[in-house]
Amino acid sequence: MKLAQKSRVPAMKEQHRLVSTTVVFAIAPFIAHADSSLVANSLSKAQAMDGKYISWQEHIIDDPRIGNEPDLSGSDGLEMADLDGDGFEDIVSVHEADIVYDGRPVGFVRIAWGNDDPTKWESITLSSGPEAAAAEDVSISDANGDGHPDIVVATELAHLIYFQNPGENARTTQWERTIPPIASDRGSFIRVFFADFDDDGRPEVVAANKGGQNAGADGKGVVQRNNFSIFILPDDPLDGALWREQVLGKSMVPINSEPVDLDGDGDLDVVAGSRSERRILWFENLGGFKFTEHAISTAALPMSHTLDGFNMDYADINGDGRLDIVSTTWPGSLVWLQQPGEFNSKWDVHLIGTFIPDQLVSVRLADVDGDGDLDAFSGAYSRGPRDIDGPNVDINDRLGRIAWFENPGAMPQQQWMRHDISRRKRGMYDKWLARDLDEDGDLDMVGTRGNSFPYDGVIWLEQVRTNDTQSAFRQARSVDSQQMSLPAKP
């Protein structure tokens with residue numbers, strides 16, 4: 001019987017290694033007379049509310065140098081929660097193990113165990129091989145009501161997989177798991193979230209299925225419509241045969257489906273994105289697992305930009321009491337969509353800023369500078385080779401950039417000031433979480449890095465505040481992908 005057909009997946013020694021390694025990385029030494037034209041070496045102009053200058057120190061949480069997993073390429077989703085009940089948040093990350101999309105059913109689900117020292121992490125592999133095939137996204141919640149956070153993972157090849165927290169000795173005990181038949185052999189699951197849609201205290205699972213890892217038209221030019229779905233879990237989520245699917249809707253290449261109370265009525269709706277249709281939409285929760293679909297019609301986007309909702313965040317940006325949407329656009333800008341007073345009215349589009357020529361791929365709203373409003377932290381997706389610094393890659397290509405946009409406060413309709421942090425030949429910064437890891441009173445950022453083999457994995461960027469301006473970024477490794485400058489302004 002194939003693995004994807006099993007309702008409970010037995011432990012297999014070669015796939016589920018709980019061997020752990022603690023790692024501490026030395027910080028790359030400061031290099032005198034560094035090239036100040038490089039983004040990382042430029043003096044930071046960003047200032048916190050107290051007037052101190054903001055710069056960033058990179059730290060490595062997990063990467064292939066740990067030794068027991070030599071290929072963490074294609075790092076994508078991550079989430080944080082206290083999995084073992086020790087009072088410290090842990091990190092669950094997923095890695096496609098792909099330098100190119102070759103259809104190989106490989107991948108990794110990793111846990112980095114937290115403690116009172118954010119420079120030291122103990123990492124294990126929770127899952128690898130076919131059951132983690134091109135693992136793409138992850139969510140954490142207590143699915144069975146036993147008080148311990150469980151894990152669900154979306155894989156691009158090609159199912160959902162649920163891991164049940166064993167509770168006591170979570171670091172050393174095998175986690176039971178299931179690949180529900182109803183969520184097996186389904187092409188490519190791209191996003192997944194736990195969410196309680198019926199307010200019964202137990203979560204459901206909402207997921208977008210884009211069809212295939214390289215989803216698009218078939219040989220006849222037809223793009224298949226695939227599902228935005230809610231999966232309703234049984235009392236014992238490990239009983240995969242009892243998972244039930246409720247289809248919310250279909251689109252061509254569904255790329256996202258996020259639980260959020262968009263209409264402010266106290267229950268969770270679903271905001272979704274379609275890559276081929278270049279649009280976002282939402283499903284209004286009417287109660288009793290009844291949903292109705294609404295289009296999100298927008299005013300004109302900036303010229304040559306399209307909206308597919310791949311990465312979004314949510315906040316009341318203009319203080320009118322309605323939740324707005326902050327979204328990346330293709331190829332390289334960030335916008336916020338102002339929710340109108342009526343569902344069917346157009347949403348005004350406001351440009352936050354741009355990464356052009358780089359392909360902006362992620363956004364996380366957080367008060368970076370401590371002034372009481374939400375800024376936008378973002379990363380880009382490099383388009384050159386993923387395992388070498390291409391000799392023909394130059395500053396005009398799409399590179400791996402990290403930057404944040406400073407909220408202008410009272411006038412958020414204006415463009416937000418961009419503060420560039422780092423720009424490398426290689427980097428895909430797909431997901432960020434804001435945490436004060438070092439407990440010094442300011443927000444740091446935890447994220448994944450892909451497109452950068454052998455430097456893929458999990459990082460955290462420590463926010464550093466100083467009286468005098470410093471270089472914007474200090475990398476963790478002495479050897480890494482080449483740092484780059486910005487293109488000359490036209």
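**The cavity and its surroundings**

Guide: The largest cavity has a volume of about 70 Å³, where a cavity is a set of points, on a 1 Å grid over the protein atoms alone, at which a 1.4 Å probe fits but cannot get out, and the volume is the space filled by probe spheres set on the points, joined across faces, edges and corners. This is a predicted model, in which local features need pLDDT of at least 70 and side-chain atom pairs count only at pLDDT 80 or more, while totals for chains, interfaces and linings use all residues. Residues are numbered from 1 along each chain as its sequence is written, and side-chain values use heavy atoms, with hydrogens and water left out.

Visitor: Which residues line the largest cavity?

Guide: The lining residues, which have an atom within 4 Å of a point, are Asp76, Gly77, Glu136, Asp137, Ile190, Arg191, Phe310, Asn311, Asp430 and Lys431. By class, 2 are nonpolar, 2 polar and 6 charged, with Asp, Glu, Lys and Arg counted as charged, Gly among the polar ones, and Ile and Phe among the nonpolar ones.

Visitor: And which strands supply at least two of the lining residues each?

Guide: Those are strand S3 (75–81), S7 and S11, strands being DSSP runs (E, at least two residues) numbered from the N terminus.

Visitor: Let me pick aspartate 137: is it buried or exposed?

Guide: Aspartate 137, found in strand S7 (residues 135–141), counts as buried because its relative accessibility is 3%, and buried means under 20% relative accessible area with a 1.4 Å probe, protein chains only.

Visitor: What does its side chain make a polar contact with?

Guide: The side chain of aspartate 137 pairs with that of arginine 191 at 3.1 Å, a polar contact being a pair of N or O atoms within 3.5 Å, of which, within protein, one must be able to donate a hydrogen and the other to accept it, and residues adjacent in sequence count only if both atoms are side-chain atoms.

Visitor: Changing topic, where does asparagine 256 lie?

Guide: Asparagine 256 lies in strand S15 (residues 254–260), and at 0% relative accessibility this asparagine counts as buried. Its side chain makes a polar contact with the side chain of glutamate 258 (2.7 Å). Leaving aside neighbours within four places in sequence, asparagine 256 is in contact (heavy atoms within 4.5 Å) with residues including Arg191, Phe310 and Asn311.

Terms used:
Helices (H or I, at least four residues) and strands (E, at least two) are DSSP runs, numbered from the N terminus. Buried means under 20% relative accessible area, exposed over 50%, partly exposed in between (1.4 Å probe, protein chains only). On a 1 Å grid over the protein atoms alone, a cavity is a set of points where a 1.4 Å probe fits but cannot get out, and a pocket is an open set with protein on both sides within 12 Å along at least five of seven lines; lining residues have an atom within 4 Å of a point.
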